[in-house]
Every structure is written in C-alpha cells, then in structure tokens.
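Please consult the sequence and the structure alongside the points below.

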Amino acid sequence: MYTRDSKFSPGNSGQGGALCTELVNLPDMTESSDTLQKLTRMITNMVASPYSDFYRTLYHVPAGSVPNIATWDDWHTVPTFTKETFLELPLREYTFVPQDKVEDVYYTSGTSGKPPAFCGWLGYAGGYDYRRAFYNFPGAILTSIKAQHRSDAFLADIGSHSLSINFDGKHLAACIRLAKAAGVDSLSVHTFTIQAIGEEMKRVGMNNDIRFIDFVGETCPLMLYLYMRETFPNAKIISFYTLSEAEGIVAVPCRALSDEEPYTIVHVNKGYHIDLVDPATGARLTPEPGTEGEVLITHLGDTKRCFPFIRYRPGDTVRVVDKACREHGTWTFTVLGKTTSDFMLVPGGQLRADEVERVLRLMPKEVTDVFEMHRYDGGTKEQPTVEVLLHVQLHDAGVDLGALAQKIQKELRVGPGRTYQQGVNEGRYATLVCVPLTKEFEDKKHRRMFKH
C-alpha cells in the first residue's frame, strides 16, 4: 500500500502542492482499478521525468519523491493547471522527451484573445480508427486538420490506396478543382471552412459526391448542420473533440449527427481520462444526463507524448448526454462552449451562448442561430446597467430589428425561471439591441461572445 501521510492540497489549481512518499506497491483495485492504476503510473512517471521538471514544480514535489495516490479521492486532490501555466515557458521546459524526438510543433488558435501556446508532437500516433465505423474511404480525403500526413497515414493503416488533399483557403477555387480531379468523396475539416468549401463544391458540381464529413472546431450551430444536410445530401456527418495542445483526439464520435440530434455527441477516446468538475468551485461532478461541467483532461500513458497532460483544464464546458450510451456503454457529452467566453455573468444570472442559440432557433423565418454578442457595462456608478448588442444573421433585410430584440429579450433566460426581460424591468439591464451580422466566411475560428 501507499503510505498515507500526506496528500495534494484539495481544491488547488496549481498553487501549492504536496509532500510525496515512496511507492511500495499499488492499492487494491476496485471497479475502476485499471484506470486508477494507469493514472497512478502516469503521474509517478511524469514527476520522475529526467526531461522536464514541469510537474515537480507545479506540485512542489522534491526530486526523487513520488505522489501518494491510493484512491480516487486522492486522485481528485491532484492540482489542475491551465494554458496560462505553461504559456510563458520555453517549449523545452514542458517537453517530456528528448528534443530531437519532437517531429512537429503545433500552436493553439488564440481565439480566446490570449497568445497562442506551442506544444510539440511526436508525429502521427493513430487515433482516427473511429472513422471506420462510419465510412470505408474508397476515395480521397480533403483535409484541413493538422497535418496532412496524419490523414495519409490513416489511409495507409486501413489499406486504402487513396490520398489526402490539403485544404488551401487562400486558393480555394484551385483547391476544390484539384479535389474533384483527385476523386475526393470525404471531408476532414474545421467547422469554419465548411460553408466556403460547400459553395465552391456546388460551383464545380461535386457536392453530391461527398459521402462523409468529419469536422472539428467551434460548436456547430443548427444553421450549419442544416447547410451541410442540404449541400451534401449524401454525406454522413460526424465530429470529434480535441485540442491543438493535446497531441491526439480527446473524444470520438458516439454517433452521427441527425435531424433528431443535430449536434456533436462524443465519448472519451482510448488513451485519455476525463474528469468533470464544477467550473466555479472545482468540485467533482458525476456524469449524469443533463449535468453541465468543465472537463479536465489526462493522458493515460498508453502512448508516449511530448507533453502528457495531468488534469489539464482547457476551459471547455460540456453537458452529459448519456450515462451509458447504447452504442458503446460509456458516458457521452456535447461541448457547449468555452467557459470564459461562451458564458458571461450578469447581475442576477448568466448569459450563455447555447441559450442565445436556443432563442434564435425559435425565430427561423427571421434569423439563423449564428450570432455575435457584445456585453458592455453601462449606466452610472450609482445605478450600473448591463448593455447588450446582439449581431444576428438575418434571413430578410427588412426584419424590424427593434421588434426582434423585444422578442429575444422576452425569451432569453439568464437563470432558471428568469429572463433578460425581467432584468430590464428591474433596471439592471438596458433594452437589448439587435444589429445585422455582416461577416462573411472567414478562414479562422471566431468567438461568439465578448465582454468589453
């Protein structure tokens, strides 16, 4: 057994640490024994790594010591960390392999407004096997997913003689002509590229040839799902969940998108472990249907990685869909958005991107569910108010924006049983203002909610 003299400090987010003790043997295993054993070995190996002292520094662990983790309760006291923890560090200080083994360096998108983070990869490490349950890939793949050689390796792994075509957003027309000549019948692309690809494929008459779409990136609004269903009528549509810094695919599709479930539903990929916590308190949450929480990501150690994560907090809020899905028998979830940018606190409640989408979908003749919301602090020092400017994508330029805003604020919930309209009536919020969203297709991710 482990000696139990000390633990990591509970409720800690990387500040403070723990005394560690010598590992004697593994604790008795329970129902989740295999996972706990892998996590224990993972953290022990990373703390003892000769290549990086990142976790020793994070946990304030003396060299030569190992963590004292014997139960799941112990595991849930391990401190979390965020991108900010390593953002200002040189890449070599959080690389857990010899420098000459790093094959690729990826960087995060910076969509949140913070500088991008850089992380090394060891090259293609598999992870695309989930696609085989949805399609057999007789033709070529058009891909924008980093990087093209990973799709080539996947095709080789399944015995396909097809090839991948790299998406080039700056030369879109030429790229799609090449895709048609190469016999592309599937897409592996980022969410923000789909409409641009679809419009160009319609121009060259190949949109009906697409049989499979696997996309990743920001959440998929209903408008985009309906666009894909109309533009690519013969395609099966799936999506996965990952992070540029995670060196692999964190969660894979449980089932394809459908008219009944027009949103991404995923389950944790092999080689990863996800904890679900309350974003405000960090308290552990049980994955029951309807539960909303923030994910913590840990690599299980089955595959060597440049920067193995241990309770990494990427800032993504999810909602549990199934406790045990019928397809795989494991809990599934859908990503609601970024905890810090898709959820904004206001007096008496919260503005949520998924709630704005819900309300806009009640008005399909006037708007789509694509939007951009800007929240300002207004009023006076004695009587502060929240001011909200909502950019909406209109179906008809003649829509009365004032009347539309009135309808939205009456429907928009800021809490259980509480609407934006009630805040207006109380003088806490200014009347909602709607303006047309004029942005065209952009070759980058975009935020939906901004606090000024």
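**Helix packing, cysteines and buried positions**

The axes of α7 and α8 come within 11 Å and cross at roughly 20 degrees, where axes are lines fitted to C-alpha atoms, for helices over the stretch in contact, and angles run from 0 to 180 degrees between N-to-C directions. This makes α7 roughly parallel to α8; angles under 35 degrees count as roughly parallel, over 145 as roughly antiparallel, 65 to 115 as roughly perpendicular and the rest as oblique. The model is predicted, with local features needing pLDDT of at least 70 and side-chain atom pairs counting only at pLDDT 80 or more, while totals for chains, interfaces and linings use all residues. Residues are numbered from 1 along each chain as its sequence is written, and side-chain values use heavy atoms, with hydrogens and water left out.

**Helix α7 with helix α8**

- The crossing of α7 and α8 is left-handed; a crossing is left-handed if the near helix is turned anticlockwise from the far one by less than a right angle, and right-handed if clockwise.
- Contact (heavy atoms within 4.5 Å) joins Ile 194, Gln 195, Gly 198, Glu 199 and Lys 202 of α7 to Met 223, Leu 224, Tyr 227, Met 228 and Thr 231 of α8.
- The residues of this contact comprise 5 nonpolar, 3 polar and 2 charged; Ala, Val, Leu, Ile, Met, Phe, Trp, Tyr, Cys and Pro count as nonpolar, Asp, Glu, Lys and Arg as charged, and the others, Gly among them, as polar.
- Helices (H or I, at least four residues) and strands (E, at least two) are DSSP runs, numbered from the N terminus.

**Helix α6 with helix α7**

- Helix α6 (residues 172–182) packs against helix α7 (residues 194–204) at an angle of about 60 degrees, and their axes are 10 Å apart.
- That angle makes α6 oblique to α7.
- The crossing in which α6 passes α7 is right-handed.
- From α6, Leu 172, Ala 173, Ile 176 and Lys 180 meet Ala 196, Ile 197, Glu 200, Met 201 and Val 204 of α7.
- The residues of the contact of α6 with α7 are 7 nonpolar, no polar and 2 charged.

- In helix α8 (residues 222–231), the buried residues are Met 223, Leu 224, Tyr 225, Tyr 227, Met 228 and Thr 231; buried means under 20% relative accessible area, exposed over 50%, and partly exposed in between (1.4 Å probe, protein chains only).
- The partners of the buried residues of α8 are α7, β6 (212–216), β7 (236–239), β17 (367–379) and β18 (384–394).
- Helix α9 (residues 353–360) is mostly covered, with 7 of its 8 residues buried.
- Among the buried residues of α9 are Asp 354, Glu 355 and Glu 357.

**Cysteines**

- The structure holds 0 disulfides, a disulfide being a pair of cysteine sulfur atoms within 2.5 Å.
- For Cys 119, the closest cysteine sulfur is in Cys 306 at 8.8 Å, too far for a bond.
- Cys 119 is buried, at 1% relative accessibility.
- For Cys 325, the closest cysteine sulfur is in Cys 254 at 3.4 Å, too far for a bond.
- Cys 325 is also buried, with a relative accessible area of 4%.

- Ser 151 lies in helix α5 (residues 148–157) and counts as buried at 1% relative accessibility.
- Not counting residues up to four places away in sequence, Ser 151 touches Tyr 128, Arg 131, Thr 143 and Ser 164.
- His 190 belongs to strand β5 (residues 184–190) and counts as buried at 16% relative accessibility.
- With residues up to four places away in sequence not counted, His 190 touches Ser 144, Ile 145 and Val 216.
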